[in-house]
Amino acid sequence: MKKTFYSILGIAVVVLIFIANVASASACVWGHYQPEVPATLRK
Amino acid sequence: MKGGAQGEEIMQGNLYQRWALLLVEKNHLPREKTAVLAYAMETLFINTLNLLLTMLIAYLLGVLGGTLICILVAVSYRHTAGGAHSSSPWICAAATMTIFPSLAYAATFIAAGPGVCGRLAALTAVLLGVYSIHRYAPVDSVQAPIISPERRKRLKKYSYVVVMVFVVGIILLEALSASWHLARILQVCAALTILWVSFNLTPTAAYLWSWMDNQLDSKNRR
């Protein structure tokens, strides 16, 4: 049970890092509010 | 002592940062990843919420299909060309929920009129779209600056490609409009969205969003 929970957390991290990279690669996601892009993702 | 400092750090951040810090700790990731995960969570949450609320309003107004086309066009166009932003997620949510169903509603109204109105809207959108990209795109923000000149050039080039794809789509819909009654509505939806996103590239739009932010700030101060 604990192993499954940690696997889900791992998958969530991978998905979130992918989303962060896609969002920071675009000029704007689509909405009219832009969260601050972290310094490590600024290009 | 260390646990206490970590607990304090978790309590100090906003909700996204707290969740991100928990994910970082549970997965034994470097601390620098916290900001990245918090950014992804905020982006995902705000955009999903905006999308769902916009679709709900569109469904209630009976313009769900048109609104989806408007959102699709806006996502593709803003992805490469950028545009003006609000500094408040609440203004953004209210604007998104209002603007896209309104564009779809207006498109349904225009498409029901003489065919020349739809064609005129499409032609204006294409011309203004190309002009706005040439003059302003890509438009970045303080929160997401475009640092690299190569990236800036690439985004401008992709913006032209996106508008050219829209032009092809608008021409195809024009050809289909004689046999498919929804084609004209979809064409005008795309045209009005191109006009809206093109307007968002201009300094006037940046001024308008900033004015709305200031209005909200002054109300909060009272």
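**Entry 1: salt bridges**

I began with B:Arg152 and B:Asp140, whose side chains form a salt bridge with an N to O distance of 3.1 Å. The two residues are twelve apart in the chain, B:Arg152 in helix α7 of chain B and B:Asp140 in the loop between α6 and α7. I note that the model is a predicted one. B:Arg152 has 32% relative accessibility and is partly exposed; B:Asp140, at 28%, is also partly exposed.

I next looked up B:Glu174 and B:Arg184, which form a salt bridge at 2.8 Å, N to O. Ten residues separate them, with B:Glu174 in α7 and B:Arg184 in α8 of chain B. Buried or partly exposed: which describes B:Arg184? I recorded B:Arg184 as buried, because its relative accessibility is 11% and the cut-off for buried is under 20%. B:Glu174 is partly exposed at 25%. I then found that B:Arg119 joins B:Glu174 and B:Arg184 in a network of salt bridges.

A further salt bridge pairs B:Glu25 with B:Arg31 at 3.3 Å, N to O. B:Glu25 is partly exposed at 25%, and B:Arg31 is partly exposed at 34%. Over all chains, I count five salt bridges in the whole structure.

**Entry 2: B:Thr34**

A polar atom of the B:Thr34 side chain lies 2.8 Å from the backbone oxygen of B:Arg31. B:Thr34 is buried, with a relative accessible area of 12%. Beyond four places in sequence, its contacts are B:Gln17, B:Ala20, B:Leu21 and B:Val24.

**Entry 3: nonpolar cores**

I then examined the largest nonpolar core, which has 42 residues. Within it, B:Tyr77, B:Phe100, B:Leu103 and B:Ile194 have the most contacts. Helices α4 (64–81), α5 (89–112), α6 (115–135), α7 (149–176), α8 (181–199) and α9 (203–221) of chain B each give two or more residues to this core. Which helix gives the largest share? I found that α8(B) does, with nine residues.

I followed B:Phe100 and, setting aside residues up to four places away in sequence, listed its contacts. In chain A it touches A:Trp30 and A:His32; in chain B its partners include B:Thr54, B:Cys70, B:Ile71 and B:Thr193.

Chain B is divided into domain 1 (1–61) and domain 2 (63–221). Their C-alpha centres are 28 Å apart. Ten residues of domain 1 and 13 residues of domain 2 make up the contact. I recorded about 1,000 Å² buried between the domains, 82% of it on carbon and sulfur atoms. B:Asn50, B:Thr54 and B:Leu61 supply 43% of the area buried by domain 1, more than any other three residues. Between the domains I found zero salt bridges and one residue pair in polar contact.

**Entry 4: chain B against chain A**

Finally I turned to the chain interface, where 47 residues of chain B contact 29 residues of chain A. The two chains bury about 3,500 Å² between them, 71% of it on carbon and sulfur atoms. On the chain B side, B:Tyr39, B:Gln143 and B:Arg151 lose the most area, together 19% of what that side buries. How many salt bridges lie between the chains? The count is zero, whereas ten residue pairs are in polar contact. Helices α2 (15–26), α3, α4, α5 and α7 of chain B each supply at least two residues to the side touching chain A. The largest share, 14 residues, comes from α3(B).

How values were computed
Residues are numbered from 1 along each chain as its sequence is written. Chains are lettered from A and ligands numbered from 1 in the order in which they are written. This is a predicted model: local features need pLDDT of at least 70, side-chain atom pairs count only at pLDDT 80 or more; totals for chains, interfaces and linings use all residues. Side-chain values use heavy atoms; hydrogens and water are left out. A nonpolar core is a set of buried Ala, Val, Leu, Ile, Met, Phe, Trp, Tyr and Cys residues joined through side-chain atoms within 4.5 Å. Buried means under 20% relative accessible area, exposed over 50%, partly exposed in between (1.4 Å probe, protein chains only). Helices (H or I, at least four residues) and strands (E, at least two) are DSSP runs, numbered from the N terminus. Contact means heavy atoms within 4.5 Å. A polar contact is a pair of N or O atoms within 3.5 Å; within protein, one must be able to donate a hydrogen and the other to accept it, and residues adjacent in sequence count only if both atoms are side-chain atoms. Domain bounds come from an automatic or database domain assignment. Buried area is the accessible area (1.4 Å probe) that two parts lose on being put together, summed over both. A salt bridge is a side-chain nitrogen of Lys or Arg within 4 Å of a carboxyl oxygen of Asp or Glu.
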